[in-house]
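I opened this model to look up its pockets and cavities. My notes are below the view.

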Amino acid sequence: MFKGLKGKGFFLFVILILGSILLLSGCGGDSSQNSAPNTEQNSTDNAAAPKEDVKPINLTLAHFFPATHKLETEIIKGYIEAVDKATNGRVKITSYPAGTLLASTETYDGVVKGVADIGLSVYAYTRGRFPVVESFILPGLAYNNSRSASDALNEGIEILKPKELEDTHQMFSFAGGPGDLFTKKPVKSLADLKGMQIGATAGLRADAIGLLGANPVVIPMPEWYEALQKNVMEGGVSPVEALQGFRLAEVTGDYITLTPFLFNQAFFMVMNNDKWNSLPQDIQQAITEVNKTYYKEKIAPFFDEIDKAGMAFLKEKKKDFQIITLAPEESTLWQEKIKPLEAKYIGILDEKGLPGADIMKTVKELVEKANAKYPDRVINAN
């Protein structure tokens with residue numbers, strides 16, 4: 001191919017070839033010479049990376065209330081939405097109602113062990129594990145409503161700082177409304193109650209039922225419907241919300257005896273400590289703020305509202321039901337019968353190295369204070 005090139009022509013051709021080679025080498029030069037375009041590309045990639053790499057923090061929440069219960073449909077789902085909004089979608093919580101992840105009696109331990117990240121259940125379902133908290137649900141204490149019970153409980157936890165709550169991160173605690181006695185035959189006296197099979201969800205109130213001469217049947221609330229239907233129980237002590245929330249109005253009797261001193265219930269919502277500590281600080285702050293606001297606006301009044309709905313549901317289902325108010329002397333007799341529980345419980349606290357008398361004094365003062373602030377009973381004989 002070079003046969004026709006001679007002299008200067010050949011020389012110029014060689015120069016042209018060498019120049020082209022050098023030009024091409026310059027275009028593919030070393031990385032230092034071409035850093036600007038690469039940096040621009042890397043900068044674009046780095047800016048996009050966080051959007052791709054930031055995945056939502058997925059948390060599980062276990063509780064025992066039915067999927068149709070307002071605690072699930074309104075409170076839990078509302079809480080999940082509030083956390084999602086407060087964290088700009090960075091925290092996604094999935095609820096597992098009706099004991100599908102953890103049974104009611106296993107929830108607290110399940111959260112401690114990390115089976116669920118968050119759990120909601122009843123303190124009394126793990127009898128003896130929460131001695132200070134259980135002081136607030138001792139039979140003999142009479143709350144006006146769930147708001148007064150919730151406020152007394154939360155202020156008590158803040159003042160007494162129970163060590164029993166340190167193995168989880170406390171989201172919030174709250175209480176149900178005072179419970180009453182639901183029966184299949186009228187109960188107006190201790191003589192009427194004697195020997196009856198009466199349901200109780202947990203320890204202390206079962207003890208009280210026994211002191212009153214009835215036979216306590218200790219069964220978690222999700223099992224009450226079947227127990228009443230099969231006459232394993234002739235009645236039970238519970239807030240009226242359960243008449244609707246657990247459909248008990250379909251299987252309970254026609255009588256309610258008002259016994260606000262016989263049943264109190266306290267609930268927890270807690271998170272696994274390791275899971276909480278793994279969350280970024282800004283996420284912790286956002287959730288903490290949601291907890292405070294949500295408790296005040298939604299949780300504290302919740303059971304009073306659903307107690308009213310439970311009564312309305314009962315009236316719809318049973319046109320002839322009766323609300324019985326104990327005669328003053330009979331009410332005094334009932335309360336005298338269960339009074340030994342307080343002295344016994346102070347002894348239990350003392351045995352655990354806790355100042356039992358001081359704790360009960362504080363509890364009573366807080367109950368009185370909360371009842372003065374919230375004086376109305378949701379359920380009465382009118």
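I am working on a predicted model, where local features need pLDDT of at least 70, side-chain atom pairs count only at pLDDT 80 or more, and totals for chains, interfaces and linings use all residues. Residues are numbered from 1 along each chain as its sequence is written, and side-chain values use heavy atoms, without hydrogens and water.

**Terms.** On a 1 Å grid over the protein atoms alone, a cavity is a set of points where a 1.4 Å probe fits but cannot get out; a pocket is an open set with protein on both sides within 12 Å along at least five of seven lines; lining residues have an atom within 4 Å of a point. Volume is the space filled by probe spheres set on the points, which are joined across faces, edges and corners.

**Largest pocket.** I read a volume of about 460 Å³. Its lining has 16 residues, with Asn154, Glu158, Met171, Phe172 and Tyr295 closest to the centre. Helix 6 (146-160), strand 4 (168-175) and helix 12 (281-299) each give at least two lining residues.

**Second largest pocket.** This one has about 210 Å³. Among its lining residues I noted Leu138, Pro139, Gln335, Met360 and Lys364. Helix 14 (328-338) and helix 16 (356-373) each supply two or more. Helix 14 has the largest share, three residues. Helices (H or I, at least four residues) and strands (E, at least two) are DSSP runs, numbered from the N terminus.

**Cavities.** I searched the whole structure and got three of 30 Å³ or more. The largest cavity has a volume of about 120 Å³. Of its 15 lining residues, Met221, Pro239, Glu241, Gln265 and Phe267 are closest to the centre.
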